[in-house]
Amino acid sequence: MKKIEAIIQPFKLDEVKEALKGIGIDGMTISEVRGHGRQKGHKEVYRGQEYNVDLLPKVKLEMVVAEARADEVVRTLAGAARTGKIGDGKIFISEIAEAIRIRNDDRGESAL
Amino acid sequence: MTVENPPSSAIAKPVEQAFLATGDALTALAERTADVDRTVIEIATGALFPAAPSGLAILAVGGYGRRQLFPYSDVDLLLLFESERQALGAKEALSVFLQRLWDSGLRVSHSVRTPAECTEVHDTNTELNISLLDQRYLAGDRVLYARLADKLPRFILANRDALIRNLSQLTRERHAKFANTFYHLEPNVKECPGGLRDYQLICWLTQMRETEAHHLGVAAPSPDIQQAFRFLARLRCYLHCQSGRDNNVLSFEAQDAAAEHWETGRAMGDPADWMRDYYRHARAIYRAGIRQLEASEAQSSSLFAQFRDWRSRLANADFSVHRERAHFRAPQGMDAGPELILRFFEFIARHGIRPSFEAEQQMEARRARLRAQFEQARPVWPALRTILSLPHAPLAVRSMHETGVLTALFPELEAIECLVVRDFYHRYTVDEHTQVAFQNLWNLRAADEQPLASYGGLLSEMQNCGALVFALLFHDSGKGLPGESHIHGSLRLARTAMGRIGTPAQEQEAVLFLIEKHLELSTVMQSRDLFDPQTIRGVAHQVETVERLKALTLLTYADISAVNPNVMTPWRAEQLWQLYLMVYNELTRELESERIGFSVDADLTGPPQRVEFLRGFPVRYLRTHTEAEIDSHMALEEKSRKRGVAVEIRKLESAYQLTMVAAADRPGLFAAAAGTLSSFGMNILKAEAFSNRRGLILDTFTFADPSRTLDLNPTEIDRLRTTAERVIAGKVDVRQLLRNRPKPVLPTRSARVPAKVSFDGKASATATLVEIVAEDRPGLLYDLASAFSSHGCNIEVVLIDTQAHKAIDVFYITAEGRKVEPEQRERLEQALRQACEPGA
């Protein structure tokens with residue numbers, strides 16, 4: 001099993017969710033986060049006062065999928081989240097040792 | 001009630017089967033209680049009393065004590081021991097007793113107490129004290145029980161204030177968990193405001209109030225409250241039977257099932273209609289509960305009584321204030337027309353005093369008559385706008401809603417009353433969402449942490465909250481109309497309502513814009529890249545002016561935050577603020593760069609004379625002026641041909657407006673006009689200075705007349721106009737006029753707005769943008785404009801706005817036809833800062 005974490009632009013969330021739903025991925029955890037990579041921050045002047053937005057608003061998606069589906073999910077996710085500009089975000093993939101469904105103690109991929 | 005395919009757990013229980021067949025909850029509860037009584041007594045007789053033949057009594061408490069044991073509710077037992085030593089001695093037998101109860105299928109919740117413990121106030125265990133109001137002897141030592149039963153009334157009598165205080169706190173905390181409203185889409189029928197717990201609150205408070213030294217008080221709620229209780233009891237019983245557990249949440253699925261099977265003697269296919277019945281009953285209980293609670297709190301708090309007395313001084317000829325509630329002195333005055341009722345809500349909105357229950361009933365009783373009165377076109381907009389702008393306006397509007405006055409005034413809002421629209425994120429009915437949105441908007445005034453404090457600042461800058469709040473009240477009104485997009489429906493309803501109450505065209509236009517675009521900023525945040533300049537330009541073109549942007553931002557904040565209490569996260573609030581900032585800056589940039597006939601050809605239509613007049617003015621001019629105003633400006637231009645200048649002064653609703661047209665600009669022209677107004681003691685609220693391609697100058701000043709000079713001496717208007725024309729034409733030196741200007745009254749140090757002056761050389765290709773925020777004072781604009789002139793700067797475009805003692809000024813300036821050079825900028829900035837000083 002693989003855990004896929006993606007940091008994406010907030011305005012791409014609906015598109016990404018729809019694309020993942022299209023390949024049968026419904027379950028995910030979504031968080032509102034802030035951060036920056038190469039996009040750096042943003043500065044606005046409002047009535048003579050500088051507003052520095054060092055940490056830009058982003059959305060973080062987390063999901064665990066069967067190993068065999070990981071590539072397809074990543075491809076779909078990246079395709080839907082991409083604009084081609086700096087700030088599109090990142091995807092991180094890691095191994096998952098075990099998954100347990102709390103309700104009935106299902107284990108492994110059947111718990112996903 | 002009949003239910004097809006009831007859950008298997010229900011089939012096993014005869015009491016539940018009987019209930020599902022008859023729908024008679026009270027009988028079912030009493031029968032279950034009797035069943036449980038038998039089980040408890042039987043097990044106690046076998047397992048407990050042999051080890052504790054005396055010195056122990058078993059009491060039923062809580063709902064079980066009241067003989068209202070719902071199918072899956074806990075069985076609350078109080079094990080009353082003579083002494084702690086005896087309780088310790090019976091520990092093992094007690095354990096066996098409880099285990100057997102559990103084994104018999106009862107979920108027991110027990111407590112072990114001595115009579116002394118039962119007659120102490122437990123500040124941290126109010127439930128124990130209160131549960132004794134419903135205690136009932138089951139089995140065991142009757143003498144011991146009699147001792148407690150004897151002491152209990154005297155204990156309650158002696159500690160009534162403390163017990164009420166604790167119960168009150170517990171209730172307020174519970175209500176707060178549900179945001180103090182019963183209009184939840186999926187309510188908890190036991191715990192929510194207006195639920196069964198509140199029915200019990202009514203009973204408990206009555207019992208405590210009527211307890212005497214030798215007997216506990218008895219609750220006898222009014223028939224409508226008893227009817228509401230029967231409805232809720234039946235509903236809870238049904239939820240238990242349906243889910244086979246202690247489930248009290250009326251989910252959407254349960255609403256569907258209940259609407260289908262609830263026999264009310266009428267067709268109830270629509271769950272939304274059935275839910276209206278639920279809210280009606282919950283409302284009756286909630287209001288009665290709050291009424292009792294407040295009356296009890298007031299009786300038990302001398303501090304409150306003092307405050308209450310102080311508030312009664314706010315009474316006037318129409319309304320009295322008694323026990324922190326407003327009363328009509330002569331309620332029959334409502335029959336003559338709606339004026340008294342509108343003044344009543346203005347009183348509430350001004351002072352934050354809620355209507356008395358009598359006043360509520362008096363208004364409710366006149367609902368039909370009120371409706372008939374309001375059906376006729378009546379110019380009530382000014383009164384309504386006043387109400388909607390006052391410090392406690394949300395309380396007034398909520399009171400109007402609860403008494404039915406709001407729907408009498410606006411039948412257009414009837415379709416969203418208690419309306420459940422199923423949405424995963426929404427928590428409240430549509431009407432409650434609107435009320436919460438308004439309250440959340442007003443709460444911004446007290447916000448002192450970012451980013452909410454910024455929104456609060458924005459709200460304080462709103463000159464007219466009436467249009468904003470009216471838009472908020474109607475923004476979702478279309479949700480009650482089937483088969484139509486809710487925005488179109490809302491627009492249609494708002495238009496009809498505003499036409500009937502005489503809302504001026506300009507405010508109607510502001511309201512309709514806000515309703516039409518109320519989802520725009522949310523959509524942009526959700527689906528567009530905020531850091532893409534195209535996105536920002538797109539929004540700027542939609543909102544067109546800073547005034548509209550401010551109102552739309554506040555409406556969006558209020559709307560989102562009223563979806564549920566957790567949806568407006570700091571993350572989202574910051575995102576919305578970021579969007580506001582970027583669009584604000586784009587609109588300020590456009591002020592100079594977007595010129596009619598250059599960048600916006602589509603707007604330049606009409607007769608050649610009109611086209612020639614408009615060409616070169618900022619696009620804002622078209623966006624902020626009606627056709628009639630443009631016509632009057634063209635007429636003024638015609639008038640100016642002879643002498644090169646023409647001035648017009650007209651009275652607005654609460655201010656005056658001076659418009660001047662000059663054939664050509666000259667250094668200090670704007671300062672001269674501003675100075676003339678200051679010399680007459682006028683206070684400039686807003687100003688605009690634009691020029692077209694031919695170099696025609698059109699300046700508009702909106703000003704207040706604090707001494708009412710023009711109101712009381714109409715001839716002064718002519719003198720002001722003539723003087724302004726002479727000053728603008730250069731025949732009179734404005735400095736001479738200002739020599740005798742009275743010194744302004746300075747605000748206290750703590751109230752002062754720190755001056756901010758900023759320069760932006762990139763905002764425009766040809767001019768430098770200077771933004772100034774400063775404490776407003778008479779003559780400020782003249783001093784600023786003079787500072788520009790004396791530094792050789794020409795004012796190209798000006799936009800001045802004054803709100804809440806704060807002047808927010810935007811100037812586009814040039815020096816010898818070019819942007820201001822850095823070295824000149826430093827000197828100019830110093831002069832401007834000096835001009836902003838209160839004593840300048």
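In strand 6 of chain B, B:R325 is the bridge partner of B:H322. Strand 5 and strand 6 (residues 325-328) of chain B run antiparallel and are joined by four bridges. The model is predicted: local features need pLDDT of at least 70, side-chain atom pairs count only at pLDDT 80 or more, and totals for chains, interfaces and linings use all residues. Residues are numbered from 1 along each chain as its sequence is written, while chains are lettered from A and ligands numbered from 1 in the order in which they are written.

- Axes are lines fitted to C-alpha atoms, for helices over the stretch in contact, with angles from 0 to 180 degrees between N-to-C directions.

**Chain B overall**

- Chain B has 39 helices and 15 strands, which are DSSP runs numbered from the N terminus (helices: H or I, at least four residues; strands: E, at least two).
- The C-alpha trace of chain B spans about 115 × 60 × 55 Å along its principal axes.
- Of the 840 residues in chain B, 44% are buried (20 or more other C-beta atoms within 10 Å of the residue's own; exposed means 12 or fewer, partly exposed in between, with C-beta atoms placed from the backbone).
- Among contacts in chain B between residues at least 6 apart in sequence, 69% join residues at least 24 apart; a contact needs C-beta atoms, placed from the backbone, within 7 Å.
- The chain is divided into domain 1 (8-158), domain 2 (163-297), domain 3 (302-395), domain 4 (410-593) and domain 5 (603-836), with bounds from an automatic or database domain assignment.
- The centres of domain 2 and domain 5 of chain B, taken over C-alpha atoms, are 61 Å apart.

**Helices 29 and 30**

- The axes of helix 29 and helix 30 (residues 570-593) of chain B come within 10 Å and cross at roughly 170 degrees.
- The two helices of chain B are therefore roughly antiparallel (angles over 145 degrees; under 35 is roughly parallel, 65 to 115 roughly perpendicular and the rest oblique).
- Contact residues include B:V546, B:L549 and B:Y557 of helix 29 and B:L576, B:Y580 and B:L587 of helix 30 of chain B.
- By class, this contact between helix 29 and helix 30 of chain B has nine nonpolar, two polar and one charged residues.
- Ala, Val, Leu, Ile, Met, Phe, Trp, Tyr, Cys and Pro count as nonpolar, Asp, Glu, Lys and Arg as charged, and the others, Gly among them, as polar.

**Side facing chain A**

- In chain B, 21 residues are in contact with 16 residues of chain A.
- Helix 30 of chain B gives the largest share of the side that touches chain A, eight residues.
- That side of chain B has eight nonpolar, seven polar and six charged residues.

**Backbone details**

- The peptide bond from B:Q450 to B:P451 is cis, with omega near 5 degrees.
- B:P451 lies in the loop between helix 22 (430-443) and helix 23 (452-460) of chain B.
- B:A179, not a glycine, has a positive phi of about 55 degrees.

Conventions: Two residues are in contact if their C-beta atoms, placed from the backbone, lie within 7 Å. Two strands pair if DSSP finds at least two bridges between them.
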